[in-house]
Amino acid sequence: MRLKSYQVKRRLAQFGIRITEDEPPEAAISLYLGIGQDRSIGKLALVGSTERDIQIDYAVKSSPGAFHREDIDPLIGLRSYQVLRMAGDLNLPRPLYRPLDKIAQAMYNCYIASDATILEINPFLIAPDNQLFPMAAKMTVDDNALFRQRDLAESLELSPDEVEIKAMGITYIQLDGQIGCIANGAGLAMATMDIINLYGQGNARPANFLDVGGGADAGKIERALHKLQENTDIQITLINIFGGMTRCDEVAEGIINICQRQPLAWPLVVRLRGTNAQLGQQMIIDACLPDVRLADTMTHAALIAVDKVVTS
Amino acid sequence: MSILTQNRRVLIQGMTGKRGSFHTAQMSDAGTDIVGGVSPGRGGDWVHGKPVFDSVELAVEVTEANTSVIFVPAAFAADAIYEAVDAGIELVICITEGIPLLDMLKVYDYVKRSQSRLIGPNCPGILTPGVASIGIVPVHVAQPGHVGVVSRSGALTYDVVNTLSSKNIGQSTIIGIGGDPFVGTTFIDVLQMFENDPDTSDIVLLGEIGGRGEIDAARYIKKRMTKRVITFVAGLSAPPNRRMGHAGAIVEGGHGTAEEKIEALRNAGARVVYNPEEIADHLR
């Protein structure tokens, strides 16, 4: 989650870093400093550069000469000598070494205390008298850590609807296609989208990513279908469930409940596999819902959905 | 033979919770040797006929457990992993989803310096059909056989395994390494074990967007693997810079796309399918 600028400023101020609000000084040098995570080695990295347009994602993951990078041992933290080595490599004036270390350590402490994933100060302007002026900062924080960063959660700016969906364990991302998707599990939800694209060949695409999460019950399926009804681009919706903890009879119940209450704006194609799949399928057959079709495989379900979009 | 599931004496950390208790029964039914559980403050209780201990250390002393499956909530899961490692548990499987990344960075580093192996977090664990289940992979989808399955996801894996079983293609071991950015065991680790396992003839690798685990796997496949690898990478249609359900499933700064992974795996000699339901067709 990306923080609002006022929150970044407030956080940094708690660690003694004040973003300059006044007129920028006549700068001799412009400096970038960032801290990020490198997934491939499981470490944090401090990145510094005197070039203007550094991208931390790029800088953390590769190491061309335009910037200097120091890996940070997660158990030990950022060492002063690493910052001094960086200052030397970047050819910064010697009187700046210690002040830079102080500010890099403060950034690191702020990063850790905030459960950040990225913290960048860009640029620092360095005046001819070697004074450092942090001009702007960006910070993103780890969504998994929001339970212990409650004051930062306000940056999420979720609508009540989004809050409700998130609390139910549903992940929803809107896209620009015509086929609504509901699946359980992130991998299965992505695979469902991929297969629609594969057979849609550019003429039919997924309208969203929606993962109902583990152990989905009737209520979650109803809520998910309700959510998709906001999207007027949808022409058909594909429900693809593989029941482990999730029971397919519960999924069927959710589908039947919502369809019997008010007809959906579009037809459904439903594929149920795994725990209680046969029971769920039979429930849907017995409910005689006019606009609901069952499919045996993901492929079959996707072909039905694509056909509906292409022929309408 | 199979990988990782031989001679396991299994503890359940968080056994008195709803999920822990449910899966204790499931694992026990699958033939797993569950020797006890740990829930601080609940020592002396019994769950499904298994004793509950206050600490992993005590549980190990009494039961000689060598494996632990962790179901404790995300805020306490990192601590549970440290406790298992410090008690000398050889194989720690963390099912919990949503552990803060900075906690995991430290855990990851700590485990690397220890004698323990961590699987996960945010993973379904391991199932060797007919032998043992140490995790939450539904036992009824699998059948004994010779295909090794390794994956970053849950339901998609069960679906693929179920399809294989329905076509009489059994599995040697199914292992989910987890959907987080930092996981204890990588694709390479598992590929190496499958390559060395005489009971595994072919491997199914289910990847997804984010990180470079599949790219590293491709390099390993090219250099070392003699067994056939069939692979599906989920997320070809995922938009960039959005987290697709799993914490680790995100294309950042143009890195970790499905396209680059598919290309690397194909160049390494793996068979790539674009529809996971076609995996079985390549295993006949």
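Reader: What makes residues 9-119 and 137-283 of chain B two domains?

Author: The domain assignment of this predicted model makes them so. It gives domain 1 as 9-119 and domain 2 as 137-283. Such bounds come from an automatic or database assignment.

Reader: How far apart are domain 1 and domain 2 of chain B?

Author: Their C-alpha centres lie 26 Å apart.

Reader: How do you know that domain 1 and domain 2 of chain B are in contact?

Author: Contact means heavy atoms within 4.5 Å. Nine residues of domain 1 of chain B are in contact with 12 residues of domain 2 of chain B. The area buried between these domains is about 970 Å². Carbon and sulfur atoms give 64% of that area.

Reader: Which domains does the assignment give for chain A?

Author: Domain 1 spans 5-155 and domain 2 spans 162-311. The C-alpha centres of these two domains of chain A lie 44 Å apart.

Reader: Why are H6(B) and H7(B) called roughly parallel?

Author: Helix H6 (residues 187-196) and helix H7 (residues 213-224) of chain B pack at an angle of about 30 degrees. Angles under 35 degrees count as roughly parallel. H6(B) and H7(B) are therefore roughly parallel to each other. Their axes are 8 Å apart, and the crossing is right-handed.

Reader: Which residues make the contact of H6(B) with H7(B)?

Author: From H6(B) come B:Phe187, B:Ile188, B:Leu191, B:Gln192 and B:Glu195. H7(B) brings B:Gly213, B:Glu214, B:Asp216, B:Ala217, B:Tyr220, B:Ile221 and B:Arg224. By class, six are nonpolar, two polar and four charged.

Reader: What makes H6(A) roughly perpendicular to H5(B)?

Author: The axes of helix H6 (residues 186-200) of chain A and helix H5 (residues 155-166) of chain B cross at roughly 70 degrees. The range 65 to 115 counts as roughly perpendicular. That angle therefore makes H6(A) roughly perpendicular to H5(B). The two axes come within 6 Å.

Reader: Which residues of H6(A) and H5(B) meet?

Author: A:Gly187, A:Leu188 and A:Ala191 in H6(A) meet B:Ala155, B:Leu156 and B:Asp159 in H5(B). They divide into four nonpolar, one polar and one charged. Gly counts as polar under this scheme.

Reader: How many residues do chain B and chain A bring to their contact?

Author: Chain B gives 59 residues and chain A gives 51.

Reader: What area do chain B and chain A bury between them?

Author: About 4,200 Å², with 62% of it on carbon and sulfur atoms. In chain B, the residues that lose the most area to chain A are B:Leu102, B:Ser237 and B:Glu277. Together they account for 14% of what that side buries.

Reader: How do you know that the peptide bond joining A:Asn122 and A:Pro123 is cis?

Author: Its omega is about 0 degrees. A:Pro123 is found in strand E4 (residues 116-126) of chain A.

Reader: Where is the cis peptide bond of chain B, and what is its omega?

Author: The bond joins B:Gly120 and B:Pro121, with omega about 10 degrees. B:Pro121 is found in the loop between strand E7 (117-119) and strand E8 (125-128) of chain B. Most peptide bonds are trans.

Methods. Residues numbered from 1 in each chain as written. Chains lettered and ligands numbered in written order. Predicted model: local features only at pLDDT ≥ 70, side-chain atom pairs only at ≥ 80, totals over all residues. Heavy atoms only, no water. Axes fitted to C-alpha atoms, helices over the stretch in contact; angles between N-to-C directions. Helix = DSSP H or I, 4+ residues; strand = E, 2+ residues; numbered from the N terminus. Parallel < 35°, antiparallel > 145°, perpendicular 65-115°, else oblique. Left-handed = near helix turned anticlockwise from the far one by under 90°. Buried area = accessible area lost by both parts, 1.4 Å probe.
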